[in-house]
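Hello,

Here is the structure you were going to look at. My notes on its salt bridges follow below it.

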Amino acid sequence: MTFALEANCDGLVGPTHSYVGLSPGNLASTRNAGEVSNPRGAALEGLSKMRRLADLGLPQFVLAPHERPAVNLLKALGFSGSEDAIIASAWKDAPALAAAACSASPMWAANAATVTPSADAADGRVHFTPANLLTNLHRSLEGPQTTRSLRRLFPDETRFAVHDPLPAQPHFADEGAANHVRLCAEHGAPGVNLFVWGREAWGHWDGRFPARQTREAFEAVQRRHGAARAVFPQQGKAAIEGGAFHNDVVCVGTRECLFFHERAFEDRAAMEREVRAAANGLFEPVFVEVTEAELPMADLVASYLFNSQLLVVPGEDRLVLLAPVETRDNPRAYAVAEGLAASNGPIGRVEYVDVRQSMRNGGGPACLRLRVVLTEAELAATNPAQRFTADLQETLADWIIRRYRDRLSPADLADPRLLTESREALDELTQILGLGDDFYPFQRTA
């Protein structure tokens, strides 16, 4: 077995962070639509969470926001003239399209890609497939820039394979690692990969909310990665109907532990049976289930208990659950969380982190990060400028305070100055993170 650590690659919140309500099935996004956001506060909250992980001794990286507003989208949809005129026309004639073009959704890096570590890949490389996210317009814009971003962070093609997204077609709707869980004895050991899907491409879906991940998409990802010991459980229909638009709203796992709500899987018994069979001879899976009686779906979605980070912390025998403060503030969720820590199970303690700005759009601590298992040699082959340190935190905090607004209403997104402000901020960021002068579309067309 090769020694490896799980690195967290967090999406930095972008300057256009707002509450516009673009995501059907995401109850927090819908509930908070129209509220005033604080991009500066959101970005600083994200930095604080990154520092929390780094202080625990875990490798932490920063992923840059995408360029927004996405003027190229509006051009492709027939708006013309100067960029200011394009933005003004879009907000006048098609405000829903304009809002989608402004979304800061790439901050939720759990949707950036599905990752297979070298211990599980047929060719011994770390594989990434950026998600096409085609269920929602605002997220479907992300794939090409995410691909570029991952190739800058993981540039060594002898160690890393960053694929293109799957075809942008409903049969291959792919939401990334928000629906993937890897279990193992140790991070560097062979593992079992749970690819959790919501619907089959040729099947009929009549749910109130969309099932965003197809089985066929994950089967394609598994083939191209050569991912070993794959199981394909179906996400619970009741979970999707209850507001769990991704499986990571009802399930989180690491090492031997799978922590989930009883409605997370359509066939819980089959899931457990298949995971045990795949893990046979490697490790003994530990299933920690929370019942509906203990935590009703309404409290689950309000508290985001399962959208926590489940961490292997150096020097600690048991896992650490990093939960949002909303879990602490919900009596039922808090009782479940603290009960875990009081038991003799795999989760030893719970910490709470404030990411309220993200939570108001339906993204907890787990949404903000992409997990990547890396050996020491692979870790050394990453872009060092994106590795989180105390010095980088100080630099980024200064950049955020100078460049971000502390108040942004949906109406403010139509302000033509926001495009200039965002581009100037991102241009400076590419220098801070060593991304080059051709990272963003506006840099390549300047």
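Asp 412 and Arg 407 form a salt bridge, with their closest N and O atoms 4.0 Å apart. The term stands for a side-chain nitrogen of Lys or Arg within 4 Å of a carboxyl oxygen of Asp or Glu. Asp 412 is partly exposed, at 24% relative accessibility; buried means under 20% relative accessible area, exposed over 50%, and partly exposed in between (1.4 Å probe, protein chains only).

The model is predicted, so local features need pLDDT of at least 70 and side-chain atom pairs count only at pLDDT 80 or more, while totals for chains, interfaces and linings use all residues. Residues are numbered from 1 along each chain as its sequence is written, and side-chain values use heavy atoms, with hydrogens and water left out.

By the salt-bridge rule the count is 38. One of them joins Arg 349 to Glu 316, at 2.6 Å from N to O. Arg 349 lies in strand β14 (residues 347-353) and Glu 316 in the loop between β12 (309-311) and β13 (319-324), so this pair, 33 residues apart, links distant parts of the chain. Helices (H or I, at least four residues) and strands (E, at least two) are DSSP runs, numbered from the N terminus. Arg 349 has a relative accessible area of 26% and Glu 316 one of 29%; each is partly exposed.

Asp 398 also forms a salt bridge, with Arg 402, at 2.9 Å between the closest N and O atoms. Both sit in helix α16 (residues 390-403), 4 residues apart, which means about one helical turn separates them.

Regards
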